[in-house]
Amino acid sequence: MQPPLEFQPNILAVNDGPLQQVKYLHQSRPTEPLEALRQRYEADGYLFLKGVLPRADVLKARHEYFTMMQQTGVLEENTDPVQGIFNQLKSPAEFPGIGAGGAGKNGRPGGENAAQFVDLAIEAHYRDWYAEEFCRHPALLEFIARFTGWDADTLGLRRSLLRNNIPGTKPIGVHYDQIFLRHGEPTSVTAWVPIGDIKVCGGGLIYLEDGDPVGVACEEDFKKKANAAGLSDDEAKDAFNSNMMATGLLSEYPLEFARENQRSWLVAEYEAGDVVLHKPHTV
Ligand SMILES: O=C(O)CCC(=O)C(=O)O
Ligand SMILES: [Fe+2]
């Protein structure tokens with residue numbers, strides 16, 4: 001187990017080393033026939049859709065976010081907030097990403113120096129430009145309603161995370177989302193939405209190739225262990241139960257995890273307006 005790497009801007013690396021053997025996510029268009037899109041989602045465990053949201057609407061959310069965070073000194077001086085350029089004169093330790101395991105259980109990482117940044121980053125989740133306009137964007141809801149066939153019954157879960165890692169901070173580790181949603185049936189769809197353009201090395205989400213069966217097998221394993229240990233139903237549903245890691249993660253070491261499961265990590269360059277949908281057990 002290695003300590004986290006020094007951040008190098010043009011190297012695609014995870015917690016335990018540079019990623020070799022990466023592959024790219026398959027791209028889809030929201031205008032393709034729904035049946036083809038559904039089949040691809042089932043087969044791959046994800047659907048990477050180009051241009052679902054109007055670019056201007058995504059950049060508006062980005063502008064609002066960075067305008068709000070500017071007072072913490074996170075941005076390089078005399079730059080436009082929408083660019084989101086990190087102030088290299090500052091220590092990254094002052095700006096820990098929310099829920100990246102700093103204090104476990106999506107706690108408040110980083111101590112006193114980081115308090116203002118973390119408090120504002122949490123506050124951002126409750127602002128209308130995020131909770132209403134961005135998370136409930138009509139183009140997203142409309143696509144999901146058609147894609148799933150849920151139509152008018154489509155509901156947005158209130159739990160949503162505005163991930164905010166700056167260069168070199170700790171990302172969330174290897175996981176599938178159902179681990180955090182285990183009180184419900186595994187029928188939800190996650191939409192992962194980049195709030196801006198992200199280069200391949202820029203920290204966008206990476207997926208395990210054919211990861212859904214791996215997540216399903218992990219969940220089965222958790223269930224077996226819970227039974228064997230005599231946990232009650234309620235205890236077994238807790239994402240942080242005694243058989244799991246304190247953070248609810250499968251691993252902090254993506255290279256090792258991919259090797260053990262004999263799969264590659266899938267990466268992509270993302271643009272504002274893109275959306276990736278994925279299944280509840282997709283890793
Ligand atoms: O904490 C949660 O509810 C979900 C976190 C998560 O799945 C993520 O950030 O990718
Ligand atoms: Fe997730």
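## Burial and overall make-up

Buried residues, meaning those under 20% relative accessible area with a 1.4 Å probe and protein chains only, make up 44% of the 283 residues in the protein chain. This is a predicted model, in which local features need pLDDT of at least 70 and side-chain atom pairs count only at pLDDT 80 or more, while totals for chains, interfaces and linings use all residues. Residues are numbered from 1 along each chain as its sequence is written, and side-chain values use heavy atoms, with hydrogens and water left out.

The protein chain has 8 helices and 9 strands; these are DSSP runs numbered from the N terminus, helices being H or I of at least four residues and strands E of at least two. Contact means heavy atoms within 4.5 Å. Among contacts in the protein chain with a separation of 6 or more, 70% are between residues 24 or more positions apart.

## Helix α1

Helix α1 spans residues 34-44, and its buried residues are Leu 37, Tyr 41 and Asp 44. They lie on the same side of α1 because they cover an arc of only 90° around the axis, the arc being that of the directions from the helix axis to the C-beta atoms. An α-helix has 3.6 residues a turn, so residues three or four places apart point the same way.

On the other side of α1, Gln 39 and Ala 43 are exposed, a term for over 50% relative accessible area. The cover over the buried residues of α1 includes β4 (27-28), β5 (46-49), α5 (138-148) and β9 (275-278). Gly 45 follows α1 and has a positive phi, near 85°.

## The nonpolar cores

A nonpolar core is a set of buried Ala, Val, Leu, Ile, Met, Phe, Trp, Tyr and Cys residues joined through side-chain atoms within 4.5 Å. The largest has 36 residues, of which Tyr 65, Val 74, Trp 129 and Leu 277 touch the most other members. Elements that give two or more residues to this core include α1, α2 (55-69) and β9; α2 gives the most, with 6 residues.

Leaving aside neighbours within four places in sequence, Leu 277 is in contact with residues including Tyr 41, Gly 45, Leu 47, Phe 143 and Val 189. In soluble globular proteins, nonpolar side chains tend to be buried together.

Notes:
Chains are lettered from A and ligands numbered from 1 in the order in which they are written.
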